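Here is a short report on one protein model.

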Amino acid sequence: MVYDERSNFVGDTHWREDTTFDEGEELELERGGIMVEVGECVGTREQDISELVDKRVKEREGRVAAKIAASSPSRPHVSLIRTSQATPGPLQHKPL
């Protein structure tokens, strides 16, 4: 989480690296594409968010499936009936 000098929330990101970050490290925040440089790290917090991520993925899949179902028009059921007409034989090549 990033705050400005007046303690206003600027944005946040999730550190996906195995290493820690130090002063001078540049990060891009999740929303808005804001680039920040770590000036003073006043604290860190580690939290397993895999359950939240899995929930969001399932919700997104549900929305996509609902959107596809809503946008595809229902087609009338068509049955193919074979007629008793004779089918023509294979096509013959004609010389040029």
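## An acidic loop

Aspartate 18 is exposed, with a relative accessible area of 84%. Exposed means over 50% relative accessible area, buried under 20%, and partly exposed in between, with a 1.4 Å probe and protein chains only. Aspartate 18 sits in the loop between E2 and strand E3 (26-28). Strands (E, at least two residues) and helices (H or I, at least four) are DSSP runs, numbered from the N terminus.

This is a predicted model: local features need pLDDT of at least 70, side-chain atom pairs count only at pLDDT 80 or more, and totals for chains, interfaces and linings use all residues. Residues are numbered from 1 along each chain as its sequence is written, and side-chain values use heavy atoms, with hydrogens and water left out.

## Charged patches

Asp18 belongs to a negative surface patch. Patch residues have over 30% relative accessible area and no salt bridge; like charges are joined within 9 Å, nonpolar side chains (Val, Leu, Ile, Met, Phe, Trp, Tyr) within 5 Å. A salt bridge puts a side-chain nitrogen of Lys or Arg within 4 Å of a carboxyl oxygen of Asp or Glu. Lys and Arg count as positive, Asp and Glu as negative; His and the chain ends are not counted. Each charge is placed at NZ of Lys, CZ of Arg, CG of Asp or CD of Glu.

A positive patch also lies on the surface, made of Arg31, Arg56, Arg60 and Arg63. Arginine 31 is in the loop between E3 and strand E4 (35-37). Arginine 31 is exposed, at 69% relative accessible area.

Phenylalanine 9 lies in strand E2 (residues 9-11). Is this residue buried or partly exposed? Phenylalanine 9 is partly exposed, at 46%. Beyond its neighbours within four places in sequence, it contacts Met1, Val2 and Tyr3 (heavy atoms within 4.5 Å). Met1, Tyr3 and Phe9 form a nonpolar surface patch with about 380 Å² of accessible area together. Areas come from the Shrake-Rupley method with a 1.4 Å probe; for residues, only the protein chains shown count as cover.

Serine 7 is in the loop between strand E1 (2-3) and E2. Serine 7 has a positive phi of about 65°, although it is not a glycine. Serine 7 is exposed, at 58%.

## The whole chain

Of its 96 residues, 5% count as buried.
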